[in-house]
Amino acid sequence: MIIDKMDNILLYKSMVTNLEAGLNAIKQLEVFEEGKYTFEGGFYMIQKGETKSLEEGTFEAHRKYIDIQIVVDGSEEVAWSDIKDLTTVIEYDDTKDAERFEGDKSHNILVSKDMFYIAFPHDAHRATGHTKEKHSYTKIVMKLPVEA
């Protein structure tokens, strides 16, 4: 998993195909309304909400898409683990491109406004969480196909 400031996101374009195309599509937004938006090379969703305790819920990982999660406002805490260190609790669903896992959530970090993280297929992540206090957030979740 990569976690960084938005100022540095283009440093990763050689690692993530269509990242620049996705960022260009996002720049066209005039209003951050919740919903799903497509562009040539992937899609993204605008999400808003309040975090839940990291102890609630499960990790997820994806096989078809790389997740780029950009915090536009507020913050969230995200827990991370390699899928090899977790136990599957919901088998992979090809339609949802998600497998759910249980395990140790002690590896977590606060991701604030103007930060992002990139989750690759081996990166299980428990997003939109908090350890102590609730956070509000607005974020963009960009989905870019994994190169075969």
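The model is a predicted one, in which local features need pLDDT of at least 70 and side-chain atom pairs count only at pLDDT 80 or more, while totals for chains, interfaces and linings use all residues. Residues are numbered from 1 along each chain as its sequence is written, and side-chain values use heavy atoms, with hydrogens and water left out.

On to the fold. The chain has 12 strands and 1 helix, where helices (H or I, at least four residues) and strands (E, at least two) are DSSP runs numbered from the N terminus. Read from the N terminus, the order is β-α-β-β-β-β-β-β-β-β-β-β-β. The chain is as compact as a globular protein of its length, because its radius of gyration of 15 Å is close to the 15 Å that the globule rule gives for 148 residues. That radius is taken over C-alpha atoms, and the rule is 2.2 Å times the number of residues to the power 0.38. Along the principal axes, the C-alpha atoms fill a box of roughly 40 × 40 × 25 Å.

Of the 148 residues, 45% count as buried (under 20% relative accessible area, with exposed over 50% and partly exposed in between; 1.4 Å probe, protein chains only). Among contacts with a separation of 6 or more, 78% link residues 24 or more positions apart, a contact being heavy atoms within 4.5 Å.

Alanine 124 sits in strand β11, which covers residues 123-130. Its relative accessible area is 0%, so alanine 124 is buried. Beyond its neighbours within four places in sequence, alanine 124 is in contact with several residues, including Phe59, Ala79, Trp80 and Phe101. Phenylalanine 32 is another story: 92 residues away along the chain, its C-alpha atom lies 27 Å from that of alanine 124.

As for the aromatic rings, the whole structure holds 4 aromatic pairs. Rings of Phe, Tyr and Trp (its six-membered ring) pair if their centres lie within 6.5 Å; planes under 30 degrees apart count as stacked, over 60 as edge-to-face and the rest as tilted. Tyrosine 37 and tyrosine 44 make a stacked pair, at 5.2 Å centre to centre and 20° between the planes. Tyrosine 44 also pairs with phenylalanine 39, this time tilted, at 6.2 Å and 35°. Together, Tyr37, Phe39 and Tyr44 form one aromatic cluster. Within it, tyrosine 44 is buried at 3% relative accessibility and phenylalanine 39 is buried at 13%, whereas tyrosine 37 is partly exposed at 24%.
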